[in-house]
Structure formats: structure tokens, C-alpha cells
Amino acid sequence: MPQAKTLTAQELNRVLSYIDRRPHAARNRVMLLLTVWTGMRVGEVAALTIADVREENGEIKDEVYLAAERVKYRHARTVYINQRMREELAKYVSSKKWIYDDQPLFNTQSSIRKAFSPNTLAQHFYYLYKRAGVSGASSHSGRRTFITTLANKGVSVR
């Protein structure tokens, strides 16, 4: 299987611009940016709940703990949330009414209790990229872009 496409800054901006003109823009923007700015896998993004990202006092967490049963290869890990991602999350979280702590952070149109499946979210990303005119991108492109950006700055991905 070929490696996922690494997004250029222009391609990322093109996708974000496309998202901003479409329904569910805030949700779609944050889902995509979580892959690009934190390196989260699409399945990890799909499984997030409001309690994963929000403190009891309402502040956005600066790290998200992903237990072993929630990640690929069953290696628990902590995902660090940078300031600009926290700002994006805060804007999105404040735009919705949250009823349950285990409510999916990104619910489907059918119910506030129904999260995207990893497969559905992967398809969703595929069509976002395609409709924005970014060819060759996949649901893994955000993660690959994140890792490549770190490596280019001399940061070990480990």
C-alpha cells in the first residue's frame, strides 16, 4: 500500500476553505485539524467524547489520554493539544450543547449519541479532500503531514 499523501500548506488551506463553505463546517474543521495538528488517527478522532477534551471546569485539556483499547496496536498514548488546536476545540465545543459526558465529540446528523465510525469518517475525509480539489489525499494524510512536519523540525516522532 502506498504512503498517504503529505499535505502542503496550500492544500490544507484549500480544504479548510472548502469546509468553511459547507454545512457542519465547525465540526469538519476540528476533525480534520485534529489529524493534521495532533497526528491522531481517524479512528481515534471518531471515538473522542466531550469528556476526552474538556475539563470539569469547561476548559479544553492540553492533552488527551488514549487508553490501549482505543488505539491501534494497543499502545496507550497521550496526545498533546497545542494552543491553536485548543482554541479551535474551544470554539467548536462552545457552539454546541453538551448533555452527557460520554457524548461523542463528533456526532452524526442522526443522533447526538451516535459517533462516526472510523470507516465512515475515513470516507468523509476522502470526499472532503476530493471535493476541495486535493488529489491523492486520504484519511491518513493529516497524520502523515503532522509526522513529516515534526521530522522536518528535527523532532523525533517517538
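Some ground rules. Residues are numbered from 1 along each chain as its sequence is written, and side-chain values use heavy atoms, with hydrogens and water left out. Because this is a predicted model, local features need pLDDT of at least 70 and side-chain atom pairs count only at pLDDT 80 or more, while totals for chains, interfaces and linings use all residues.

Elements next. Helices (H or I, at least four residues) and strands (E, at least two) are DSSP runs, numbered from the N terminus.

Let's start with H1 and H2. Helix H1 covers residues 9–20. H1 and H2 pack at an angle of about 160°, with their axes 8 Å apart. Axes here are lines fitted to C-alpha atoms, for helices over the stretch in contact, and angles run from 0 to 180 degrees between N-to-C directions. So H1 and H2 are roughly antiparallel. The cut-offs: under 35 degrees is roughly parallel, over 145 roughly antiparallel, 65 to 115 roughly perpendicular, and the rest oblique. The crossing of H1 and H2 is right-handed. A crossing is right-handed if the near helix is turned clockwise from the far one by less than a right angle, and left-handed if anticlockwise.

Who touches whom? Contact means heavy atoms within 4.5 Å. From H1 we have Leu 12, Val 15, Leu 16, Ile 19 and Asp 20; from H2, Ala 25, Asn 28, Arg 29, Leu 32, Leu 33 and Val 36. By class, that contact has 8 nonpolar, 1 polar and 2 charged residues. Ala, Val, Leu, Ile, Met, Phe, Trp, Tyr, Cys and Pro count as nonpolar; Asp, Glu, Lys and Arg as charged; the others, Gly among them, as polar.

Now H2 and H5. H2 is residues 25–38, H5 is residues 83–94. Their axes come within 10 Å and cross at roughly 160°. H2 and H5 are therefore roughly antiparallel as well. This crossing is left-handed. On the H2 side, the contact residues include Val 30, Leu 33, Leu 34 and Trp 37. On the H5 side they are Arg 84, Met 85, Glu 88, Leu 89 and Tyr 92. The class count is 8 nonpolar, 1 polar and 4 charged.

On to rings. How many aromatic pairs does the structure hold? There are 3. Rings of Phe, Tyr and Trp (its six-membered ring) pair if their centres lie within 6.5 Å; planes under 30 degrees apart are stacked, over 60 edge-to-face, the rest tilted. Tyr 126 and Tyr 127 are edge-to-face, 5.0 Å centre to centre, with 80° between the planes. Tyr 126 is partly exposed at 39% relative accessible area, and Tyr 127 is partly exposed at 37%. Buried means under 20%, exposed over 50%, partly exposed in between (1.4 Å probe, protein chains only). Ring pairs also link Tyr 92, Trp 98 and Phe 106 into a cluster.

Last, the loops. His 24 sits between H1 and H2. It has a positive phi of about 60°, yet it is not a glycine. His 24 is partly exposed, at 39%. Arg 74 also has a positive phi of about 60° without being a glycine. Arg 74 lies in the loop between strand E1 (63–66) and E2, and is exposed at 55%. Asn 82 is in the loop between strand E2 (77–80) and H5.
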